[in-house]
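Student: I've just loaded this one and would like to talk it through before setting anything up. Could we begin with the ligands?

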Amino acid sequence: MRLSRWLADRWVMIVALLVLGYLALPILVVAALSFNRPSSRLSYDFNEFTLDNWRQPCATSDMCDAVVRSVQIGFIATVVATVLGTLMAFALVRHRFRGRSGINVLIFLPMATPELVMGTSLLALFVSAGVPQGFWTIVIAHVMFCVSFVVVTVKARLAGMDRRLEEAAMDLYASEWQTFRRITLPLVLPGIVAAALLAFSLSFDDFIITNFNAGTTVTFPMYVWGAAQRGIPPQVNVIGTAMFAVALLLVGLSSLRGRRARRANLLAGPS
Amino acid sequence: GCGTKGAQQTEAGCVSEDLSGTEKKLAFANWPQYMDVDDTDESKRPSLDEFITKTGIQVTYTEDINDNNEFFGKVQNQLAACQSTDRDIIVLTDWMAARMIRLGWIQKLDPAKIPNVQANLLPSLLNRPFDAENRISIPWQSGLAGLAYNGNVTKELRTVDELLTRPDLKGKVTALSEMRDTMGLLLGSNGHDPANFTAAQFDDALNKLKKAVDSGQIRKFTGNDYAPDLAKGDIAACIGWSGDVIQLSGEDEKVRFVAPDSGVMLYSDNMMVPNKATHKGNAEALINYYYEPAVAAKLAAYVNYICPVKGAQAEMEKIDPELAANPLIFPDEALLSKSKVFMALDEKQEKEYEGKFQQVIGA
Amino acid sequence: MTRMARETPAGDLRLANLTKRFGVFTAVDDLSLTIEQGSFFALLGASGCGKTTTLRMIAGLEEPTSGQVLLGDRDIARLRPYKRPVNTVFQSYALFPHLDIFENVAFGLRRRGIRSVDDEVTRMLSLVQLDGYGNRRPAQLSGGQQQRVALARALINRPQVLLLDEPLGALDLKLRRQMQIELKRIQTEVGITFVHVTHDQEEAMTMADTVAVMNAGRIEQLGAPADIYEFPATAFVANFLGQSNLLAGEATGVSGGDVAVTAHGTRLSVPAGRSRADHGPVHLGVRPEKLILVGSADQVPAGHQHVTGVVTDASYVGVSTQYLLRTSWGTELSVFAANSGTSTRVAVGSEAVAYWDPRHAFLLPRDAADSDRTSPVLDEPVGASS
Amino acid sequence: MTRMARETPAGDLRLANLTKRFGVFTAVDDLSLTIEQGSFFALLGASGCGKTTTLRMIAGLEEPTSGQVLLGDRDIARLRPYKRPVNTVFQSYALFPHLDIFENVAFGLRRRGIRSVDDEVTRMLSLVQLDGYGNRRPAQLSGGQQQRVALARALINRPQVLLLDEPLGALDLKLRRQMQIELKRIQTEVGITFVHVTHDQEEAMTMADTVAVMNAGRIEQLGAPADIYEFPATAFVANFLGQSNLLAGEATGVSGGDVAVTAHGTRLSVPAGRSRADHGPVHLGVRPEKLILVGSADQVPAGHQHVTGVVTDASYVGVSTQYLLRTSWGTELSVFAANSGTSTRVAVGSEAVAYWDPRHAFLLPRDAADSDRTSPVLDEPVGASS
Amino acid sequence: MTLLAPTGAGHPPPAPPAARSGRRRLLPYLLLLPGAAWLLIFFGVPLLQLAAASLYDPSGSLSTGYAMTWAVGNYPDVVQAYWPQFLRSFGYAGLALVLALLLGYPLAYAIAQKAGRWKNLLLVCVVAPMFTSFLVRTLAWKTILSDNGALVGLLRDVHLLAPDGRLLATPFAVVLGLTYNFLPFLVLPLYASLERLDHRLLEAATDLYASPVQAFRRVTLPLSMPGLVAGTLLFFIPASGDYINAELLGTPNEYMIGNVIDSAFLVRLDYPQGAALSFLLMAAILAVVFGYLRRAGTEEVL
Ligand SMILES: Nc1ncnc2c1ncn2[C@@H]1O[C@H](COP(=O)(O)OP(=O)(O)OP(=O)(O)O)[C@@H](O)[C@H]1O
Ligand SMILES: Nc1ncnc2c1ncn2[C@@H]1O[C@H](COP(=O)(O)OP(=O)(O)OP(=O)(O)O)[C@@H](O)[C@H]1O
Ligand SMILES: NCCCCNCCCN
Ligand SMILES: [Mg+2]
Ligand SMILES: [Mg+2]
């Protein structure tokens with residue numbers, strides 16, 4: 001009785017943690033392998049513990065450049081796609097206008113298009129327009145395929161949001177922009193954050209479309225893909241693990257800091 | 001009315017300029033880990049660095065060729081439009097080199113500028129059908145496609161037929177998704193010549209393959225990714241490449257490369273200067289440099305593929321006598337006699353055979 | 001940015017032929033009225049009669065289907081809400097869930113670019129008796145506390161027009177009275193025009209300069225509270241605002257300053273000045289507290305009129321006792337008798353006479369089909385509330 | 001599945017030492033009370049005193065920090081809400097926005113596996129006067145209409161215990177009275193135990209069998225409405241429920257069945273039966289409507305006690321007039337005089353005497369530091385409401 | 001003023017000042033402009049070229065070029081040749097979707113409603129696996145599912161798997177890979193809409209006799225519909241076009257339509273066929289999507 005009650009109260013959280021475990025499982029393998037000294041370039045089996053990979057995470061030529069480049073591209077593409085996508089989501093949820101369904105198709109199609117098709121046909125466009133491929137063509141491509149994901153995610157949050165709060169803000173002298181900035185944005189923020197996270201991970205992880213539009217620029221997934229042809233250097237595992245850890249650390253710290261700030265506020269009284 | 005123009009280029013129609021006189025630069029695109037690196041500092045590439053020091057030519061080395069088809073897709077738009085690919089040297093496998101040459105996308109080198117090639121290229125790689133004068137595509141490394149097995153999980157393997165039928169191997173076999181390698185071995189196993197076969201013979205071999213796929217004997221078709229699986233034993237036996245298998249044998253001698261008596265496939269990855277590359281002269285300097293036996297030996301000692309440079313074996317003795325004696329790096333006559341180069345295909349044949357093969361391998 | 005035109009001379013708030021339809025349903029129907037600058041205007045009406053919709057159109061949150069909203073001479077009907085010198089206390093509060101109480105209250109000031117809001121907000125929170133609650137989120141407050149935040153949030157802006165949509169409905173009587181005093185004080189001091197929706201009739205009657213009674217999207221009567229109470233214009237108003245005993249009768253014309261009425265066989269009269277009809281079907285109305293109960297017709301003073309019946313119910317309810325008197329024709333009249341401690345009780349079941357001064361009666365036109373109308377029959381409130 | 005134990009004999013609802021803390025803040029403090037099966041229990045108290053929190057614990061929506069909730073002999077404090085034969089009308093309505101009105105009302109029935117709900121729902125909608133609104137979404141209703149849906153949604157289930165958290169607060173007086181009648185009728189017919197939170201004191205007084213007055217998480221007084229009103233237990237109750245004039249004095253013991261009190265130099269007395277203290281600092285309380293204003297001390301009948309002062313304010317408010325009488329020591333007393341049409345007015349500024357029957361006074365213990373306490377000074381309500 | 005206006009009684013009210021209403025009517029277009037322009041230029045234009053390619057004479061070649069012959073026959077041709085892969089794509093994606101819903105809904109719900117201040121942390125845990133390259137992740141899965149790995153050993157020991165049974169190179173592995181790789185696309189939008197869920201409504205439901213299951217079905221689920229629909233789409237659409245998982249974790253018998261398109265463009269150089277396959281895939285997906293949206297009754301979510 002006691003136990004079943006306990007379970008009934010917490011099973012959702014327990015399942016959630018199990019699913020997170022499932023999501024993290026390969027990362028654990030990757031993390032373990034980051035401490036491995038492989039028996040050969042072609043072996044992924046755990047062989048011998050070593051810290052060498054962590055000591056020299058950039059030992060493999062160009063790998064860290066590729067990581068940095070991927071982060072840069074991911075960052076720019078995320079910001080641009082999130083802004084563009086959020087604007088579109090607002091237009092679609094908050095306004096009735098001619099051509100809505102056309103716009104909806106335009107948003108769904110990129111998701112429905114095989115990556116390869118998207119990659120090659122975009123490349124054809126760049127070539128026929130004489131645009132040299134490289135960093136910025138990658139950014140353009142990434143923004144293009146991230147926008148749809150952002151729109152759909154933000155819309156999910158926006159749909160059915162309580163308009164009365166925005167009305168109250170307008171009533172309290174907040175212009176459209178201020179209402180957006182002070183009320184709508186904070187309330188939609190979880191959706192926008194989720195969309196941005198999606199966009200970043202899409203961008204950071206994309207190989208196919210990037211590969212076609214990269215010219216001679218190499219991103220991290222391209223590097224890994226290439227390296228895989230002859231055995232992945234163990235430092236790739238270091239980068240994988242580190243990216244994961246850094247993401248967790250940043251968020252962990254920021255939520256801790258947020259809490260401390262709030263506590264300080266409480267002591268200082270309203271500010 | 002609005003179709004596409006052909007991608008075919010002619011020497012006259014697509015003229016490239018050589019700025020090597022003024023620009024000491026070279027963009028070299030190669031496969032990953034196809035270049036020797038320093039044991040202690042993996043960011044250093046000794047042979048390449050030496051070239052840079054010697055000539056003062058700044059080499060931008062990128063490892064952005066992972067797959068022949070993929071790379072072709074990546075540069076075909078530019079080359080078809082007679083635009084620069086921003087690369088001065090690219091390295092591609094025979095059949096892809098043949099295709100590009102056929103399409104008129106590759107610049108001819110000046111034989112006078114690459115004397116080492118003329119002097120040191122392995123005889124068996126001389127005057128291949130797609131480059132009769134040895135001045136368009138120069139082998140970087142060569143290799144063999146044959147059988148391999150992991151002795152920890154299965155008993156010895158000798159023939160292609162065993163691979164395709166032995167019940168204990170069921171579901172533990174892979175073959176290469178590279179049509180010429182897999183089909184070459186199968187043609188050979190049927191007693192046909194991969195260098196010269198008929199459409200009917202091809203179909204016979206393909207049927208044999210199809211049976212093995214349908215029965216579940218063959219688990220999948222792979223690129224290089226079979227190697228870790230073979231090492232682990234998830235795959236017991238496969239069609240694979242010599243270089244990879246030598247690597248694995250070094251770790252675990254029970255992993256073996258087998259050259260079946262019915263024949264092995266010999267291929268090369270070739271250096272080429274694409275149209276509109278502006279540093280042909282510098283490229284020639286580099287190609288010539290890598291055909292110095294000492295340099296070639298240094299490279300071969302690292303990458304473990306078949307070294308296409310005569311005299312490198314002697315140099316290798318100085319570096320690593322054991323490697324110098326390895327027939328899979330410096331093949332002996334016995335092996336060379338078994339090795340075949342796949343028949344040159346024209347565009348139509350290529351499409352037809354590739355189409356049929358892809359149907360069997362599932363895509 | 002949105003620097004308010006607070007300094008500009010405000011003006012009367014005028015609604016001209018304001019109509020709002022939701023699909024086929026008309027929520028506000030051709031409403032016209034003028035609310036004097038600086039006055040306290042109360043809007044009463046049944047649930048769903050269109051009060052909130054009217055306020056929302058004034059605030060600019062609902063686009064009128066037709067009609068104008070004028071402030072002074074300016075038509076503001078199409079001005080964006082934040083450009084209007086109007087604030088609202090929302091019926092649903094609409095507190096910002098992501099901001100704490102302090103920031104909720106400071107919101108309007110901050111939007112107007114005011115930097116130092118601390119003092120003002122603290123004072124306002126104190127006024128609504130929520131000192132120390134500044135750091136909480138709305139979800140951590142009780143219903144009444146949330147309502148007070150909504151009040152403070154609007155009040156702090158001291159707009160030209162303040163719209164209050166049942167701003168005190170969730171407060172206990174004592175607190176409500178205190179808030180009423182504060183509201184009235186601020187309104188008088190600052191000269192804000194208040195438009196106040198309330199279901200607390202005492203609130204409307206004691207605070208408002210003008211009361212409008214709405215019914216189904218229209219105004220039924222508009223005037224000073226006492227005027228409306230003493231001399232309602234329609235049967236709806238007579239029974240919506242307080243209770244009335246309405247007797248169906250026929251008016252037979254004016255004679256000597258009085259309208260003669262025959263009701264249920266009895267001849268009665270009402271001063272012409274308190275009659276809205278002088279012939280044809282009428283309702284003669286008397287409020288329960290204007291009826292005095294005595295044992296027999298002898299005790300009726302001269303000049304008064306009376307009705308005889310049987311007491312069917314007497315509920316002692318603190319300040320007063322409510323009696324029900326069933327007349328010979330079956331209608332039950334309400335009679336309130338104050339419990340001042342001196343008056344005598346009348347026993348249930350006994351015959352009694354209810355009399356009134358004709359000057360306390362009023363006469364309304366009646367639909368021919370209508371009969372007597374009295375208020376809902378329920379134990380009446382103790383004086384507790386009054 | 002969730003077949004309710006409605007048929008099982010219900011029982012009294014008992015709260016035993018119920019406590020709820022939010023962090024350091026104690027919202028409900030060691031509350032114990034018994035609510036008889038089938039009775040109508042009203043919970044009154046200032047905004048934020050813990051009423052909603054108490055109801056939520058009964059409903060099972062809030063886990064008590066400590067204490068028990070018993071229904072009959074069963075401790076239901078840890079029973080899931082859906083297993084409790086308890087329904088709630090939420091203060092915030094909590095209507096399901098994605099369901100239409102019909103489905104909102106039908107929700108509980110459907111969850112109990114009842115197939116044919118149409119008739120029942122239609123009847124219920126009609127009861128709350130929302131016929132024809134079944135197809136609308138909650139957002140398309142006015143505030144009062146939404147509240148009625150919340151009421152219907154809970155009522156339709158006829159649970160053993162119905163918790164009503166200000167269920168009629170957004171309704172106009174007339175509709176509120178009608179709903180009160182309906183509630184009372186259902187409660188009596190079906191024998192549901194009602195726990196009713198309201199700020200409408202008349203509502204509490206007229207409808208409830210028992211009233212509890214809460215203050216800061218605790219019960220201050222509990223009893224029959226008239227008892228509490230007539231003889232409040234604390235100064236808080238005396239002024240929370242209606243108004244009282246509390247005079248600070250010193251009790252000097254019982255003599256002849258009366259407690260003698262000296263207040264501001266005047267000697268007064270209160271029957272011992274109406275005294276909660278017989279010596280030391282006390283408050284002598286008289287309700288405003290129990291005070292009668294006359295011109296001079298001669299007019300005070302025998303056996304009554306009086307206080308002299310100057311009339312500082314008179315507001316005519318329909319049913320009654322409220323006077324403020326400033327005593328010689330400065331306190332302003334409230335006096336209500338009924339406007340029955342016969343009583344004479346007292347002029348502002350004139351001297352007057354307020355007298356009362358000692359049997360209408362009551363005596364409460366007083367903190368030594370406390371002085372006189374009277375109700376908030378505001379124009380008092382017209383009789384309109386009563 | 002109104003007197004001067006030529007409109008008589010009964011006419012619509014005078015039009016509001018043109019400037020403001022004009023701007024308001026333009027607003028949605030302004031909001032859409034940057035994003036839509038981006039998509040039109042970088043997606044729409046190439047797509048048109050592709051559309052043309054799908055109608056080229058299939059007998060053309062790279063070196064000679066392709067003639068536009070409006071060869072609509074390309075479409076029935078590819079359907080006939082590759083319908084099994086089409087079916088398989090939707091089958092696997094659908095199966096993976098079901099799995100992902102079972103795993104993803106509780107996860108999204110827990111993060112949105114139960115995680116408190118760990119919310120952001122858990123959220124990042126959902127996407128952080130994406131920060132390692134997909135290839136690394138998939139190789140890790142291969143390690144986990146390896147024929148000689150601990151998991152297979154265990155399953156064999158408890159006879160859930162035949163002694164020579166395997167997980168890798170089976171449909172199971174492919175579906176698992178799809179589920180894994182696209183799970184965040186389902187979880188994030190779902191989270192975003194569940195985060196908004198008003199707790200009081202759940203309380204009301206349980207107060208009205210809804211068991212947790214019923215409260216979920218009648219209140220939580222319908223209210224999270226926008227997020228659920230969005231998540232389902234973000235999961236299903238890319239999953240049905242995916243080919244990497246089939247290639248790395250499956251065998252030729254698991255190949256999906258993406259593999260075919262890949263081979264048509266990259267290996268066989270059959271552009272008309274590749275283009276036709278792509279358009280069929282898009283059309284099929286759009287049909288599924290719009291059909292689904294209609295059934296889900298959330299067209300306003302569109
Ligand atoms: N989640 C919470 N966190 C902290 N404090 C809370 C929370 N919920 C309620 N409170 C506090 O508990 C007290 C009691 O709240 P409750 O809602 O029970 O009041 P109430 O008696 O219903 O008041 P009202 O008449 O205004 O609705 C209030 O002071 C409120 O601020
Ligand atoms: N969005 C809407 N769609 C359809 N009808 C609506 C809508 N909003 C309000 N109504 C209807 O308009 C009428 C007036 O609503 P309004 O909110 O103005 O009433 P109210 O007078 O404020 O009532 P209450 O006292 O109950 O708050 C109501 O009958 C309501 O049902
Ligand atoms: N990863 C570098 C090895 C290059 C192998 N080339 C494969 C060509 C097979 N025909
Ligand atoms: Mg309203
Ligand atoms: Mg409450």
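**Ligand sites and chain packing**

Tutor: Ligand 1 is surrounded by residues from chains C and D, so its site is shared between chains. Before going further: this is a predicted model, in which local features need pLDDT of at least 70 and side-chain atom pairs pLDDT 80 or more, while totals for chains, interfaces and linings use all residues. Residues are numbered from 1 along each chain as its sequence is written, chains are lettered from A and ligands numbered from 1 in the order written, and side-chain values use heavy atoms, without hydrogens or water.

Student: OK, which residues come nearest to ligand 1?

Tutor: There are 21 residues around ligand 1, counting those with a heavy atom within 4 Å. The nearest are Ser142(C), Gly144(C) and Gln145(C) from one chain, and Thr52(D) and Thr53(D) from the other.

Student: And which side chains have an N or O atom by an oxygen of ligand 1?

Tutor: Among them is Gln145(C), with a side-chain N or O atom 2.7 Å from a ligand 1 oxygen, and another is His199(D), where the corresponding distance is 3.2 Å.

Student: How much of ligand 1 does the protein cover?

Tutor: On its own, ligand 1 has 640 Å² of accessible area (Shrake-Rupley, 1.4 Å probe; for residues, only the protein chains shown count as cover), and the protein covers 90% of that. Two or more shell residues come from each of α4 (143-155) of chain C, β2 (25-35) of chain D and α1 of chain D; helices here are DSSP runs (H or I, at least four residues) and strands likewise (E, at least two), numbered from the N terminus.

Student: What about ligand 2, where does that one lie?

Tutor: Ligand 2 lies between chains C and D. Its surroundings comprise 21 residues, and the closest are Thr52(C), Thr53(C), Ser142(D), Gly144(D) and Gln145(D).

Student: Which atoms of the protein sit by its oxygens?

Tutor: Chain D supplies a side-chain N or O atom of Ser142(D), 2.6 Å from an oxygen atom of ligand 2, and a backbone N or O atom of Gly144(D), again 2.6 Å from a ligand 2 oxygen. From chain C, a backbone N or O atom of Gly50(C) lies 2.9 Å from an oxygen of ligand 2. Of the 630 Å² of accessible area that ligand 2 has on its own, the protein covers 91%.

Student: Switching to the magnesium ion, which protein donors does it have?

Tutor: Ligand 5, the magnesium ion, has Thr52(D) through OG1 and Gln91(D) through OE1, at 1.9 to 2.2 Å. Donors are N, O and S atoms within 2.8 Å of the metal (3.2 Å for Na, K and Ca), and water is not among the atoms, so a site may look incomplete.

Student: New topic: how covered is helix α7 of chain E?

Tutor: Helix α7(E), residues 199-207, is mostly covered, with seven of its nine residues buried, including Leu201(E), Leu202(E) and Asp207(E). The cover includes α1, β6, α2 and α4 of chain D, together with α2 (74-114) and α8 (212-223) of chain E, where contact means heavy atoms within 4.5 Å.

Student: What caps its N-terminal end?

Tutor: Asp198(E) does, with a side-chain oxygen 3.0 Å from the backbone nitrogen of Arg200(E). Following the helix is Tyr209(E), whose phi is positive, near 70 degrees.

Student: Last one: which chains share the most contacts?

Tutor: Chains A and E do, out of eight pairs of chains in contact. By contrast, no contact joins chains B and C, whose closest C-alpha atoms are 49 Å apart, and chains B and D do not touch, their nearest C-alpha atoms being 47 Å apart.

Methods. A polar contact is a pair of N or O atoms within 3.5 Å; within protein, one must be able to donate a hydrogen and the other to accept it, and residues adjacent in sequence count only if both atoms are side-chain atoms. Buried means under 20% relative accessible area, exposed over 50%, partly exposed in between (1.4 Å probe, protein chains only).
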